[in-house]
Structures are given as C-alpha cells and as structure tokens.
Amino acid sequence: MATACEKLPDTDKLDNDYLVYTNYDDDTDFKKFSTFYVPDSVLIIDNSSNKPKYLYGTPASDIIIANYVSGMEKAGFVRTTDKESADIGLQISYIEDTYRFRYFNNYPWWYGYPWYWNFGYWGNWGGWYWPYNITYSYSTGSILGELVDLSDTPSTSKTLRVVWTSYITGLLNNNGSLNTTYVQKAIDQAFAQSTYLKK
C-alpha cells in the first residue's frame, strides 16, 4: 500500500479562499469567564491619522459583530451591555488598507497605528499585552478579533492580557467589498478551531 502526504499546503491555493488564524494564552482558564462586552462598532485600521473611523450600523459591521457575538454565546458566554461588569472584552477591527509585517513579543502588533482603541477604552489600565509571541502579515480587507481579560481590577493589574486572537483574511470580492458569506463562515471557523474557548 502506498500513501502520500502533503505536509504544507500548496501556496498557489492559499488565495482561493479565506484564511483563519487563531492563537491564545494557554495559561488562561476560559471557564472562569462568564460575561463579555463588545462595542457596537468596528474600528477601521488604515493609513490615515486624521481621525478615528468606525464601521457602525452598516450591513458589514452588523454581520461581523453579530457573528462574533453568536460564536461567543454558542461557547457559553453571556453578552452584557455593562462594560464595567464584563469579565472579558471583545474588540473587533477591520484592516482597510494597511500592509505591514511585524513581530512583537512585548508590544502589540498595532504599536504605532493611529486611533487603535485607546488604552482608556476598557478602563483605567495602562495598556494591554500578549503573553504569546505573534507574527502577522496584514492584508487589505482583514478582520481582527481579540478577547481581553477584564476580570482583574486596575489596582491589581496595570495591563490587560489579550487571551485570544483571531485574524481573518481573504474576505474581499473582486470589486473590493466584503464577501459576507466568507465573513460568516470564517468567523464560525475561528471559533470551531478554538475548542478551548468555552465556558
């Protein structure tokens, strides 16, 4: 009997569909979290530094937020409208036209980008960090979802820990608009491959 294995995917086929990357802090016990808060808008990350831009109340932003919320709820977490009482915060960003390749250990990937959620957004912390090393290549039309641990109080922790990251790319149609079918399937896949992320 003869068998054949392909250890790495054919790179010529990587652009045929969306790509979903997830990572997490393996020291985190996700079962300790119960509630999550998500803003009602999606931050747009681009090369502009004039003012912050958001996707709010659009079909694209509604689909993105609704699918992340659905994934969290299916995992057993309860959405709350009270940011102050939430155990974890779900932050969603859309990369509109930025191309950068960066590796960070002690700094977040967005270090230097203008108007990323400011440090005060989630409370009185001085910033947040990833307890794992990450490498990213950013593409136009990508979606980034991050869970930050809000369960510590500012008096005991000066930084917020990013406990889960999802990076999704390959979501654009030929005309440059978001393929909503891909968006829904890709976000579902992000949760499907994150079996540890459950209450």
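Predicted model: local features only at pLDDT ≥ 70, side-chain atom pairs only at ≥ 80, totals over all residues.
**Exercise 1.** Identify the salt-bridge partner of Lys32 and state where the two residues lie.

*Solution.* Step 1. The side chain of Lys32 forms a salt bridge with that of Asp149, at 3.8 Å from N to O. Step 2. Lys32 is in the loop between strand 1 and strand 2, whereas Asp149 belongs to strand 10 (residues 142-149), so the pair ties together parts that are 117 residues apart in sequence. Step 3.

**Exercise 2.** Find the salt bridges of Arg161 with Asp149 and with Asp25, and describe the setting of each pair.

*Solution.* Step 1. The side chains of Arg161 and Asp149 meet in a salt bridge of 3.0 Å, N to O. Arg161 lies in strand 11 and Asp149 in strand 10, so this pair ties together parts that are twelve residues apart in sequence. Both Arg161 and Asp149 are buried.

Step 1. Arg161 also meets Asp25 in a salt bridge, here at 2.2 Å, N to O. Asp25 is in the loop between strand 1 (19-24) and strand 2 (35-37), and Arg161 is in strand 11 (residues 159-169); this pair links distant parts of the chain, 136 residues apart. Asp25 and Arg161 are both buried.

**Exercise 3.** State how many salt bridges the whole structure holds, and which residues are linked in a network.

*Solution.* Step 1. A search of the whole structure gives three salt bridges. Step 2. The residues linked in a network of salt bridges are Asp25, Lys32, Asp149 and Arg161.

**Exercise 4.** Describe the largest nonpolar core and the contacts of Tyr68.

*Solution.* Step 1. The largest nonpolar core comprises 32 residues, and those with the most contacts inside it are Ile64, Tyr68, Met72, Phe77 and Ile92. Step 2. Elements giving two or more residues to this core include helix 1 (59-74), strand 6 (88-95) and helix 2 (180-192); strands 10 and 11 are also among them. Step 3. When residues up to four places away in sequence are not counted, Tyr68 touches, among others, Leu90, Ile92, Trp164, Ile187 and Phe191. Step 4. A second, separate core has six residues, including Tyr37, Ala86, Val148 and Leu150.

Technical notes:
Residues numbered from 1 in each chain as written. Heavy atoms only, no water. Salt bridge = Lys/Arg side-chain N within 4 Å of Asp/Glu carboxyl O. Helix = DSSP H or I, 4+ residues; strand = E, 2+ residues; numbered from the N terminus. Buried < 20%, exposed > 50% of the residue type's maximum accessible area, 1.4 Å probe, protein only. Core = buried A, V, L, I, M, F, W, Y, C linked by side-chain atoms within 4.5 Å. Contact = heavy atoms within 4.5 Å.
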